[in-house]
Amino acid sequence: MSAYRDKDPRIHGIQSKIRVVPNFPKPAGIMFQDITTLLLDPKAFKDTVDLFVERYKGKNISVVAGIEARGFIFGTPIALEIGAKFVPLRKPNKLPGKVISEEYELEYGRDCLEMHLGAVEPGERALVVDDLIATGGTLCAAMKLLERVGAEVVECACVIELPDLKGRERLNGKPLYVLLESY
Amino acid sequence: MLQRALIFSSSNPICSQLSTTAPPDNTVFPKRNGGWIIPFSSYQLPAFPSDSAANRPNMASQDEQDPRISNISSAIRVIPDFPKPGIIFQDITTLLLDTKAFRDTIDLFVERYRGKDISVVAGIEARGFIFGPPIALAIGAKFVPMRKPNKLPGEVLSEEYSLEYGKDTMEMHVDAVKAGERALIIDDLVATGGTLSAAISLLERVGVHVVECACVIELPELKGRERLGGKPLFVLVSST
């Protein structure tokens, strides 16, 4: 489900603030969806957060897990508004305490996502937040981390989806909620 | 666990001379506007530099311990020997697990900066991305991420700065800010001040006025406060 299809009047304003930057990070036709321009518009940024908060408030969600680094930007305001704790999911060797790690595949090679042990308890209901879902590899690793400690991933939430990359299908049946799609 | 918490501002010259070791119980220090600061049993949030007495609506709270600070301080986890032996790491991730303490942290900054015509909150990657956006949203400012190299896709300005060993680079989108805007810089912690100093440079290079730097934690022994080119620094807790 996406808010775009629901035609919430705030969506058009949000979409118009996202900047597409061609050939980043490398040439060969990659069109990078730059959310930093959205953050420069206080109303559009607030609307973005509000759309997620309206969806998740009062749903007994106690954990918002945000994926480094752009997931921190959207995840923390959402967590604060719905009264959930915020759990950063980070690249290796950034978190100082005991961690669990989940490896995942990149286009070339592998990467790793880490979460502090003890941050999330079994039975907690969690969201995973990132700015964008592409292939779904990172979100999938994030979900696995939460499920390994016994949390229930209620939904993954992103501002933007790239549907052609079929990330939605890699989430093992977990629901995905996005505000915008980009083809 | 932090052993003590102090709040002070570089705009108060008395505070900058405060020793961070516990004084005898009957030691008090004069404060800028008359009266006394009694450290470790009472905390004063220093007035925002542009405030006059007539503009401060909550004068009564100035002389009382802010009850939120001690929970914030005790929610921060100290991890020895990270990232390497001998370093004591201040871990704010445990603060983020305490919903009230995290909310209180943001509120303390928002109360200080709301209504001060600040249009830019610059947050330093990555833990500045945790505290900066909620503050920006609450005060109606834009959020500008200050990032490691090659992360920002548009045209950037770069500023090199020194690390303990070697150098690093910080980048900002050139069109994120306009000359004359008033900005805050947010990070979780100030140590040597090198990172904050680079962020100040980036903003000033495009004509932005940096009003204040704001961090949750300061490590005063590393004297970061002195490396900010005279810019004020506001922190919630101090750790030695």
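The model is predicted, so local features need pLDDT of at least 70 and side-chain atom pairs count only at pLDDT 80 or more, while totals for chains, interfaces and linings use all residues. Side-chain values use heavy atoms, without hydrogens and water.

**The A–B interface**

- Counting contact as heavy atoms within 4.5 Å, 34 residues of chain A touch 35 residues of chain B.
- The buried area between the two chains is about 2800 Å², and carbon and sulfur atoms give 70% of that. Buried area here is the accessible area (1.4 Å probe) that the two parts lose on being put together, summed over both.
- L40(A), L80(A) and P96(A) supply 23% of what chain A buries against chain B, more than any other three residues.
- Eight residue pairs are in polar contact between the chains, both residues at pLDDT 80 or more. That term is a pair of N or O atoms within 3.5 Å, where within protein one must be able to donate a hydrogen and the other to accept it, and residues adjacent in sequence count only if both atoms are side-chain atoms.
- On the chain A side, α5(A) gives the most, with six residues.
- By class, that side has 20 nonpolar, six polar and eight charged residues. Ala, Val, Leu, Ile, Met, Phe, Trp, Tyr, Cys and Pro count as nonpolar, Asp, Glu, Lys and Arg as charged, and the others, Gly among them, as polar.

**Salt bridges**

- A salt bridge is a side-chain nitrogen of Lys or Arg within 4 Å of a carboxyl oxygen of Asp or Glu; the whole structure has 31 of them over all chains.
- One salt bridge is counted between chains A and B: D175(B) with R19(A), closest N and O atoms 3.3 Å apart.
- D47(A) and K43(A) pair up at 2.5 Å, N to O. They sit four residues apart in helix α4 of chain A, so about one helical turn separates them.
- D47(A) is buried at 10% relative accessibility, whereas K43(A) is exposed at 55%. The cut-offs are under 20% for buried, over 50% for exposed and partly exposed in between (1.4 Å probe, protein chains only).
- E152(A) bridges to R125(A), with the closest N and O atoms 3.6 Å apart. E152(A) is in strand β8 and R125(A) in strand β7 of chain A, so the pair ties together parts 27 residues apart in sequence.

Conventions. Residues are numbered from 1 along each chain as its sequence is written. Chains are lettered from A and ligands numbered from 1 in the order in which they are written. Helices (H or I, at least four residues) and strands (E, at least two) are DSSP runs, numbered from the N terminus.
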